[in-house]
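Dear colleague,

Please find the structure below for your files. A summary of the findings follows it.

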Amino acid sequence: MYDVCIIGAGPGGIFSAYELMKYRPNWKIAVFETGGPLHQRKCPIDGDKIKSCVHCPVCSIMSGFGGAGAFSDGKYNITNEFGGNLYEYIGKEKAIELMDYVDEINCEYGGAETKLYDNFDTIIAKKCLQNNLHLLKAKVRHLGTDINYIVLQNLYKQLEDKVEFHFFEHVTRVDHLESGYQIETSKGVYTGARCIISTGRSGSKWMESICSHLGIETKSNRVDIGVRVELNADTFSELTDSLYESKIVYRSKTYQDRVRTFCMNPHGVVVNENTNGIVTVNGHSYTDPKRFTENTNFALLVSNHFTQPFHQSNQYGENIAKLSNMLGGGVIVQRFGDLIRGQRSTPDRIQAGFVRPTLKATPGDLSLVIPKRQLDDIIEMIYALDKVCPSTASDDTLLYGVEVKFYNMQVDVNKHLETCHKGLYVIGDCSGVTHSLSHASASGVYVAHDILEQES
Ligand SMILES: Cc1cc2nc3c(=O)[nH]c(=O)nc-3n(C[C@H](O)[C@H](O)[C@H](O)COP(=O)(O)OP(=O)(O)OC[C@H]3O[C@@H](n4cnc5c(N)ncnc54)[C@H](O)[C@@H]3O)c2cc1C
């Protein structure tokens with residue numbers, strides 16, 4: 001019988017284990033993880049012999065110690081403005097306090113030399129406000145892919161002797177017993193007095209089945225749909241030179257919808273993203289100036305919240321992406337001027353433009369793909385951004401479609417992040433409460449403290 005069983009070794013699970021180990025070194029804590037330890041996480045794509053996904057039984061990018069963010073850029077945004085709704089459960093001050101605490105630990109375990117950006121500029125914020133745009137406030141610790149890996153390595157060294165890690169052990173079933181929880185895995189059956197589930201986005205379908213099995217209510221109601229905008233880097237230099245990454249929100253006049261910028265890449269490239277065979281668009285940038293392009297790209301996303309009886313928000317997003325794939329054989333690109341004039345872009349029109357596309361996409365007509373409501377929202381925001389960064393709404397600005405951000409369903413948890421079953425907690429991205437490294441980590445610390453308080 002373990003004192004606590006943790007399912008998933010992403011940031012949520014790691015920080016729960018870390019806090020429990022720190023304050024209760026004599027407790028028996030087990031972590032069950034579908035993937036492997038950090039050093040065994042190797043994606044077979046080498047760009048040479050293997051160029052694309054071969055669908056390994058366990059994905060090394062998404063699964064294993066460190067979870068989905070192990071090979072990420074390691075951007076820890078310390079804010080309540082985006083990255084999740086943890087503050088709705090635990091309060092704004094507490095949420096920031098815990099994100100700061102996570103930052104301290106990351107620094108202690110190897111991140112101390114990295115930069116903490118204060119991502120706000122009063123003059124830019126004022127200019128945005130004058131044009132109905134809202135610049136969001138956030139501190140950002142940018143660990144970078146290399147240091148993020150080192151921090152995880154050091155955390156693992158600290159934990160490995162004190163916590164029982166069960167790698168390559170996929171949890172198949174969780175049952176509520178009188179004395180706690182029974183956890184069935186691909187290798188055995190275990191029991192724990194309490195159970196923390198932190199299975200992230202990769203475990204979202206699994207989470208759905210567990211909730212249905214244990215009678216925990218869920219709702220699924222959000223998907224973000226939009227385009228990736230690409231323009232000359234000089235157009236956006238006022239923002240990108242002053243801020244690490246600007247997150248700007250706009251409330252559309254026609255529909256009162258929330259539209260936001262996402263993932264801004266100065267001098268970056270637009271790339272394809274393949275999710276289960278559906279091709280959508282994304283963006284990257286490199287720190288090495290030799291790899292800089294002349295363009296900046298960012299997403300403009302419209303948040304769609306659905307109400308009863310519809311509950312398949314992710315399928316709605318998928319179907320719109322499928323439509324663009326059907327018409328364009330993949331991602332479609334259109335000049336803003338062509339969209340406004342109601343004509344498709346053609347290879348010649350793209351070629352004649354002053355913005356050179358960094359992604360080879362099919363010139364076409366996004367108005368045949370994106371519903372009118374979302375397209376109107378995006379066009380409105382482009383005109384609003386044009387007032388802050390003139391020439392954003394130029395004829396040659398390129399729009400790639402579609403970009404989709406999927407969300408996990410919302411699991412019914414209380415202010416302790418505990419389900420209707422005492423001692424069963426759901427945290428991190430699989431709960432629908434968080435969708436970022438800092439929020440997921442903070443939720444892990446919060447639940448560990450809650451368990452400790454109940455014991456004292
Ligand atoms: C490429 C990429 C880059 C990202 N970059 C950033 C960034 O810079 N900043 C940011 O804030 N966020 C970023 N994110 C998002 C961030 O990684 C997640 O929000 C965060 O990892 C969520 O943490 P988590 O612990 O909830 O879940 P995860 O990190 O997803 O971890 C869940 C773990 O549970 C395991 N698991 C799932 N099901 C089971 C099961 N049944 N049994 C046992 N184990 C199971 C999985 O294998 C996984 O290891 C990025 C995501 C990706 C994919």
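Two strands are counted as paired if DSSP finds at least two bridges between them. On that basis, in this predicted model, strand E4 (115-118) and strand E6 (residues 139-142) pair in the antiparallel sense over four bridges. Within that pairing, Lys115 has His142 of E6 as its bridge partner.

These strands belong to an open sheet of three strands, in the order E3-E6-E4 and with antiparallel pairing. E3 and E4 each have a single partner strand and stand at the edges, so one side of each is left without a neighbour in the sheet. On average, neighbouring strands of the sheet are turned by 20 degrees against each other, direction ignored. Helix H3 (residues 92-111) lies across E3 and E6 and runs at about 150 degrees to E3.

As regards the ligand, 39 residues surround it, the closest being Gly8, Gly10, Gly67, Gly200 and Gly428. Helix H1 (11-23), strand E3 (75-78) and helix H12 (437-455) are the elements that give two or more residues to this shell. By class, the shell divides into ten nonpolar, 24 polar and five charged residues.

Finally, the domain assignment gives domain 1 (2-118 + 139-217 + 410-455) and domain 2 (222-406). Five residues from domain 1 and four residues from domain 2 make the contact. The side of domain 1 that touches domain 2 has four nonpolar, one polar and no charged residues. Taken over C-alpha atoms, the centres of domain 1 and domain 2 are separated by 31 Å.

With kind regards

Key: Residues numbered from 1 in each chain as written. Predicted model: local features only at pLDDT ≥ 70, side-chain atom pairs only at ≥ 80, totals over all residues. Near = placed C-beta within 6 Å. Nonpolar A, V, L, I, M, F, W, Y, C, P; charged D, E, K, R; others polar. Domains from an automatic or database assignment. Contact = placed C-beta atoms within 7 Å. Axes fitted to C-alpha atoms, helices over the stretch in contact; angles between N-to-C directions.
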